[in-house]
Amino acid sequence: MRRTLYGQEHEDFRAVVRRFYREALVPEQERWRAAGMPPREFWHAAGELGLLGLQVPEEYGGGGQSSFLFNAILTEEAQRAGLALGGLRVHTDICMPYFLRYADEDQRRRWLPRLAGGEAVAALAMSEPGTGSDMRGIRTTARRDGDGFVVDGAKTFISNGATADVIITAVRTGETPGPS
Ligand SMILES: Cc1cc2nc3c(=O)[nH]c(=O)nc-3n(C[C@H](O)[C@H](O)[C@H](O)COP(=O)(O)OP(=O)(O)OC[C@H]3O[C@@H](n4cnc5c(N)ncnc54)[C@H](O)[C@@H]3O)c2cc1C
């Protein structure tokens, strides 16, 4: 007997994703490659289809799903279609959980609807020219300045970095090194 993690609702979602990738993304690949990034219309279209805010609660404009299996389908279908789409997955699978877990109510109201709808693009800035896997080595600092922070440092390899509207950034706020 063939066993699968996926139920009918996942397969229905898969059909929508597969069609979107095939019709809207595959024909555009060369143009995007030349431009170095997907255009904003891509983010808007993905948001309209409900692909960007899968776990975002409905009150903030998301799909209210609790299962990560929908995200897995986005990745599986991208591989099937030969699409890289790393920026999409950084937005949905890596940045979104930070917002859902750590953002305060103001930040949730400000960002979640825009991130779910594709009006805003998110990036995660951890890697630095001298620091990759071992985050104890990060040198970028953040110093309190009134209501905000002054961030000083350099980041590299940041997916969506050139187009992001909001960047979750790993910084040092004290002198002491982090836990080993
Ligand atoms: C396509 C792409 C997209 C990326 N997007 C982002 C992004 O959006 N945001 C971001 O912050 N970064 C991003 N990165 C950077 C990525 O996260 C780093 O490349 C990664 O953390 C590894 O760091 P490094 O390349 O400096 O390798 P290193 O950390 O120097 O590792 C080099 C090698 O040593 C191995 N190694 C490291 N530590 C250990 C250990 N303790 N024990 C055994 N082996 C070890 C590693 O497995 C690897 O094989 C991206 C990278 C790529 C290629």
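In which sense do β1 and strand β4 pair, and over how many bridges? β1 and β4 (residues 166-169) run parallel, with four bridges between them; pairing takes at least two DSSP bridges, and strands are DSSP E runs of at least two residues, helices H or I runs of at least four, numbered from the N terminus.

This is a predicted model, where local features need pLDDT of at least 70 and side-chain atom pairs pLDDT 80 or more, while totals for chains, interfaces and linings use all residues. Numbering starts from 1 along each chain as its sequence is written, and side-chain values use heavy atoms, leaving out hydrogens and water.

Within β1 (residues 122-125), A122 and L124 point one way, A123 and A125 the other, and all are buried (under 20% relative accessible area, 1.4 Å probe, protein chains only). A123 has I167 of β4 as its bridge partner.

On to the ligand: the residues around it include L124, A125, F157 and I158 (a heavy atom within 4 Å). Its polar contacts (N or O pairs within 3.5 Å) look like this:

| Residue atom | Ligand atom | Distance |
|---|---|---|
| M126, polar backbone | oxygen | 2.8 Å |
| S127, side-chain N or O | nitrogen | 2.8 Å |
| S133, polar side-chain | oxygen | 2.6 Å |

The protein buries 33% of the 980 Å² that the ligand exposes alone (Shrake-Rupley, 1.4 Å probe).

Conventions. Buried means under 20% relative accessible area, exposed over 50%, partly exposed in between (1.4 Å probe, protein chains only). A polar contact is a pair of N or O atoms within 3.5 Å; within protein, one must be able to donate a hydrogen and the other to accept it, and residues adjacent in sequence count only if both atoms are side-chain atoms.
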